[in-house]
Amino acid sequence: ELLYSAANLTVTDKTENILSSLAAQVYDVEGVFKLGSSEKFGFRLRTGSGEETLYYYNAAQKRMVLDK
């Protein structure tokens, strides 16, 4: 079941959470991301109670990072 779709969407650090209306245990995200001059791009997952899991691409290291 498709929960969200967007095309040609620009997201910055000032953009509200475009997925805030979604709630699920598992997500399958497909996309093409352009960093531009950004150092990293990613997602804050399972946020709440002062905790969050970060999953992001670090441009300087050229790798994906999972920070729990």
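User: How many aromatic pairs does the count come to?

Analyst: This is a predicted model: local features need pLDDT of at least 70, side-chain atom pairs count only at pLDDT 80 or more, and totals for chains, interfaces and linings use all residues. Residues are numbered from 1 along each chain as its sequence is written, and side-chain values use heavy atoms, without hydrogens and water. Rings of Phe, Tyr and Trp (its six-membered ring) pair if their centres lie within 6.5 Å. Planes under 30 degrees apart are stacked, over 60 edge-to-face, the rest tilted. The count comes to three aromatic pairs.

User: Why is the pair of F33 and F43 edge-to-face?

Analyst: A ring pair is described by the distance of the centres and the angle of the planes. For F33 and F43, the centres are 6.4 Å apart and the planes lie at 80°, so the pair is edge-to-face. F33 sits in the segment before β1 (40-48) and F43 in strand β1, so the pair ties together parts ten residues apart in sequence. F33, F41 and F43 form one aromatic cluster.

User: Which residue lies over the face of Y56?

Analyst: A charge sits over a ring if NZ of Lys or CZ of Arg is within 6 Å of the ring centre and within 35 degrees of the ring normal. Here K40 lies over Y56, 4.6 Å from the ring centre.

Note on methods: Helices (H or I, at least four residues) and strands (E, at least two) are DSSP runs, numbered from the N terminus.
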